[in-house]
Amino acid sequence: MSATVLEHPLVREYLRRLAAACAALPAGQARELREQIIAHLDEALTPGAGDAEVAAELARLGAPGAVAAEAGGPVSRSLGARLRTRLSRLRWWAWASIAVVVALVAVLVGYVIVVQNAAALSQGGLSGWWFRQDANRGTMTTTISGTQFSVPERYHQEQGFVIGVYNDSDWTQTIEGIDSDSEVPTLPMTVSVGVGPQDGDGSYTAQTRWLLPASIPPHSYRVIRVLFTSNVCQVPGSSVGFQSISLRVRVGLFTRTENIQFVRTAFVITGTKASSHCP
Amino acid sequence: MSGMSNEPSLTELRRGVLGPCVLALLAQRPRFGLELVRELAAAGGLLTSDGTVYPLLNRLRDAGLVTSEWQDADGERARRYYFITDDGRDHLTAFRAEWAEFADTVHGVLSVPANGHAADDEQPDVTTGERR
């Protein structure tokens, strides 16, 4: 539209009233109607049109409120009908794009479901104390509920145990560390995975390297080592035990918490009598 | 009944037929907005105001009966042209058939004089009850 006609006071006032009258319409609908009215005036009026000519044209257009009311329309169509109409006007490439997006979403959702349903790590294979002095001093008690490995606490000294785990899923699972929610301030722990020539049978040797993070291939055994240092001097008769361990494990693109229950097995450190190590 | 009291029904009548009239013009050839408005106005009695044609065009487009496209011919300003769709042609064809029948019916009813039968009937004298 030429600047002259657009800036005519009567036109400006008409468009202002039209905008106000269209306030209740959807923004896109109001904008389109305004563009159509502007194009109409641009076509109908010459740039040098006088007040009378402009006023006559605006009168023929009708009151802004009436035009807006017509746009609001007594035959306003339902949302479903409008949606169907809009969908019917989509071009082939739009449908192709939608199909690609839907396919990608389906693949992603399927991937998430499969990964989330992958079997968690479970205990399997050997288990025992890590340090020789604990192994030598430890006792093993077998009851109907399982086997308990007990060892006297060595206050402020590192102790630990090893336990075999099995990855029964079709996905490589990577142990990234102890789950923060299961960490105990008085018993800070570290975990690592044995990697070496004995990987296949889930045992370990002097050549085994203890790594973190470390991956466990599908349907494979590995040994994990849990080391801890007790910051609480256990008094005689008291004990603290491990019957499970929660790990952060990455499966595919996602990291989740897996709780490995020790099947019928518990590692327990017991208080020592009148320990000179205690403060 | 006064002329003023007929206005609302005429407005509704115009609203009902304006869409098919727009489709009929577009069935001849595509037209831009002002062109449509001028031709409808020239037909006489169809438009209450020029501005109402644009909301109607938008509704027809939303219904899939027309499409629009900006065209910029050499030496001319860019104009938004409106085209009838296949659905629009089907709609127009159906309306034409219905309208012909409807118009005949209305014409048949309206063409009967208000006192067409009364002239031949014997009317009782309301004051005496005797026939005149």
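Two strands pair if DSSP finds at least two bridges between them, and the helices (H or I, at least four residues) and strands (E, at least two) named on this tour are DSSP runs, numbered from the N terminus. The model is predicted, with local features needing pLDDT of at least 70 and side-chain atom pairs counting only at pLDDT 80 or more, while totals for chains, interfaces and linings use all residues. Residues are numbered from 1 along each chain as its sequence is written, and chains are lettered from A and ligands numbered from 1 in the order in which they are written.

**The sheet of chain A**

Move on to strand 11 (residues 244-251) and strand 12 (residues 254-261) of chain A, which run antiparallel and are joined by eight bridges. Here V249(A) stands opposite R256(A) in strand 12. Two residues lie between the strands of this hairpin, in which G252(A) takes a positive phi near 65 degrees.

**Two packed helices**

Next, select helix 2 (residues 9-21) and helix 3 (residues 27-44) of chain A, which pack at an angle of about 160 degrees with their axes 11 Å apart; axes are lines fitted to C-alpha atoms, for helices over the stretch in contact, and angles run from 0 to 180 degrees between N-to-C directions. The two helices are therefore roughly antiparallel to each other, a description used for angles over 145 degrees. To see where they meet, show V11(A), L15(A), L18(A) and A19(A) in helix 2 together with R34(A), I37(A) and L41(A) in helix 3, contact being counted when C-beta atoms, placed from the backbone, lie within 7 Å.

**Across to chain B**

Finally, display both chains: 22 residues of chain A are in contact with 16 residues of chain B. Helix 3, helix 4 (51-61), helix 5 (64-72) and helix 6 (79-88) of chain A each give two or more residues to the side that touches chain B, and the largest share, eight residues, comes from helix 3.

Methods
Angles under 35 degrees count as roughly parallel, over 145 as roughly antiparallel, 65 to 115 as roughly perpendicular and the rest as oblique. Two residues are in contact if their C-beta atoms, placed from the backbone, lie within 7 Å.
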